[in-house]
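Some notes on the charged side-chain pairs follow. They are set out point by point.

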Amino acid sequence: MLIVMRMGATDEQVRGVLARLKEFDLEGHLSPGKERVVIGAVGVIGDPDIRTQMSRMSGVDEVIAISRPYKLTGREFQKEDTVIDVGGVRIGDGSMVVMAGPCSIENEEHMVTTARAVAASGAQILRGGAFKPRTSPYAFRGLGEEGLQHLAAAREATGLPVITEVMDARDVELVARYADILQIGTRNMQNFMLLDEVGLARKPVMLKRGLSSTIDEWLLAAEYIMAKGNRDVILCERGIRTFETATRNTLDLSAVPVVKRLSHLPIVSDPAHGTGHWYLVEPMARASMAVGADGLMVEVHPNPDHALSDGPQSLTLENFDSLMRSLERVGEAVGHPLAPPPQLAAAAVAD
Ligand code: PEP
Ligand code: MN
């Protein structure tokens, strides 16, 4: 249920509505739109009379039933795009942000070298995994907290904000101490305890699409995070399981405009996990930009043949640089430019 306040409704009237909702065991989430305040009421609507009662309250213009299963993630609740500021990098503002770095953090030198290179090529956010979800329990599963320390050193060396995966609700506090964005991996998209926990964290969350999840299931997973009070959710299309075997997954680029229509949340495309092959990363990254993705996630490694995970889909430092140059041209052609690096963004604000 959405409660649309009249234009110029007072704070007291808004507080009155929130208090009344509490009496019905409903939680009110404010969406301070440009023109009018909209309140999303979340919870079980037991009494069908609630709508009539709310519509009679002072300051209320109209009460609308939300037809879709997700509420806070939907465009009905918030018309304007959500823009998330991560250390000066704005995600969702109409430009395209590039998150780049190795699949796994291997040691400090590896992390810092890769970070310096991707920063020099124009990436805005650094990625690297310390807790790795691996299909085989015998594969490299990440360095844990030691890896997070190397990631922090790389942030220090470059000034780039960092994104890293958290796999377990018990690790959210630890990972949030190091990360600027918490990543929820595809295998955990429906780990509801973990979603609740990152919903309580004060860090933006990037939620990857489940391997075989529909867009509705994905938006409902995002709803878990938002319902706990965390509004800074970024979605990431990373490919889904289909019958096709030529690629590791099928990167569903139609999900980008579909999500943009249904939701106000920013959406990032991950052509590395989406295809599994380094030579497909550049063409699918260009296509992602053309369909309006708010960001890209790319795996980069100084020596992909020796990478401890996901080498076959990782770009060399040189190939990443050439990808960025090619994205500059695509951005110009489609009117969806690359975001400036954080140092330039900060300088522009200072001017
Ligand atoms: C990753 O980003 O390295 C990763 C494991 O991604 P996904 O959860 O999409 O497989
Ligand atoms: Mn990976």
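1. Asp61 is partly exposed, its relative accessible area being 35%. The model is a predicted one, and in this model the Asp61 side chain forms a salt bridge with that of Arg36, at 2.5 Å from N to O. Arg36 is likewise partly exposed, with a relative accessible area of 27%.

2. The Arg36–Asp61 pair connects distant parts of the chain, 25 residues apart. Arg36 sits in the loop between strand S2 (27–32) and strand S3 (37–42), while Asp61 belongs to strand S4 (residues 60–64).

3. A salt bridge also joins the side chains of Glu237 and Arg209, with an N to O distance of 2.8 Å. This pair too links distant parts of the chain: Glu237 lies in strand S12 (residues 233–237), and Arg209 in the loop between strand S11 (205–208) and helix H7 (215–227), 28 residues apart. Glu237 counts as buried because its relative accessibility is 0%, under the 20% cut-off. Arg209, at 4% relative accessibility, counts as buried as well.

4. Salt bridges with shared partners bring Arg6, Arg36 and Asp61 together in one network.

5. Arg90 and Asp93 form a salt bridge through their side chains, at 3.6 Å from N to O. Arg90 is partly exposed at a relative accessible area of 41%, and Asp93 is partly exposed at 36%.

6. How many salt bridges does the structure hold? The total is 15, among them Arg36–Asp61, Arg90–Asp93 and Glu237–Arg209.

Note on methods. Residues numbered from 1 in each chain as written. Chains lettered and ligands numbered in written order. Predicted model: local features only at pLDDT ≥ 70, side-chain atom pairs only at ≥ 80, totals over all residues. Heavy atoms only, no water. Salt bridge = Lys/Arg side-chain N within 4 Å of Asp/Glu carboxyl O. Helix = DSSP H or I, 4+ residues; strand = E, 2+ residues; numbered from the N terminus. Buried < 20%, exposed > 50% of the residue type's maximum accessible area, 1.4 Å probe, protein only.
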